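Please consult the sequence and structure shown here.

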Amino acid sequence: MMLYKEILKIDPKNPVANYQLHINEGLKSHKKDYKNGQWDAIQSFSRASTYIDTLGEPYYWMGKAYEKKDEMDFELSLESYNKSLELYLTDDMRVEASRSIKALLKRKKTYEDFWK
């Protein structure tokens, strides 16, 4: 983390350093239990996605933060997970994103069936 800050002192527009700082900032916010923490996380992940727009990682974490913020808001989480799958993800993260989608769709169906 400190290394990225040092890089930005020399090269303030360095995309890798900016990306990593925003991802790390987002992950710290995501660990918080309150909703504002999730909004902060979503904003950080969104900023990260602007620095390296070929990576799906920020969208995966946005999906996680949307789920944590409001477990009844299925659409924003699904949209984020699906976007992550359109971009580059490690194999492990791709599996996790697919699992998250499957679990979210199951929960959505349970919720919809309950209210029928």
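**Surroundings of Tyr60**

Tyr60 touches Ser80, Tyr81, Ser84, Met93, Glu96, Ala97 and Ser100, leaving aside residues up to four places away in sequence; contact here means heavy atoms within 4.5 Å. The model is predicted: local features need pLDDT of at least 70, side-chain atom pairs count only at pLDDT 80 or more, and totals for chains, interfaces and linings use all residues. Residues are numbered from 1 along each chain as its sequence is written, and side-chain values use heavy atoms, with hydrogens and water left out.

**Aromatic pairs**

- A search of the whole structure finds 5 aromatic pairs, where rings of Phe, Tyr and Trp (its six-membered ring) pair if their centres lie within 6.5 Å, and planes under 30 degrees apart count as stacked, over 60 as edge-to-face and the rest as tilted.
- The ring centres of Tyr60 and Tyr81 are 6.0 Å apart and the planes stand at 45 degrees, so this pair is tilted.
- Because Tyr60 lies in helix α4 (residues 57-69) and Tyr81 in helix α5 (residues 74-86), the pair ties together parts that are 21 residues apart in sequence; helices (H or I, at least four residues) are DSSP runs, numbered from the N terminus.
- Tyr60 counts as buried at 6% relative accessibility, and Tyr81 is buried at 0%; buried means under 20% relative accessible area (1.4 Å probe, protein chains only).
- One aromatic cluster is formed by Phe45, Tyr60, Trp61 and Tyr81.

**Charge over a ring**

- Lys83 lies over the face of Tyr59, at 5.6 Å from the ring centre; the criterion is NZ of Lys or CZ of Arg within 6 Å of the ring centre and within 35 degrees of the ring normal.

**Nonpolar core**

- The largest nonpolar core has 21 residues, of which Phe45, Tyr60 and Met62 touch the most other members; such a core is a set of buried Ala, Val, Leu, Ile, Met, Phe, Trp, Tyr and Cys residues joined through side-chain atoms within 4.5 Å.
- Two or more residues each come from α2 (15-30), α3 (35-51), α4, α5 and α6 (91-114).
- Helix α4 gives the largest share of this core, 6 residues.

**Polar contacts of Gln38**

- Gln38 is found in helix α3 and counts as buried, at 0% relative accessibility.
- The side chains of Gln38 and His30 are joined by a polar contact of 2.7 Å, that is, a pair of N or O atoms within 3.5 Å; within protein, one must be able to donate a hydrogen and the other to accept it, and residues adjacent in sequence count only if both atoms are side-chain atoms.
- The Gln38 side chain also reaches the backbone oxygen of Lys32 at 2.7 Å.

Technical notes
Buried < 20%, exposed > 50% of the residue type's maximum accessible area, 1.4 Å probe, protein only.
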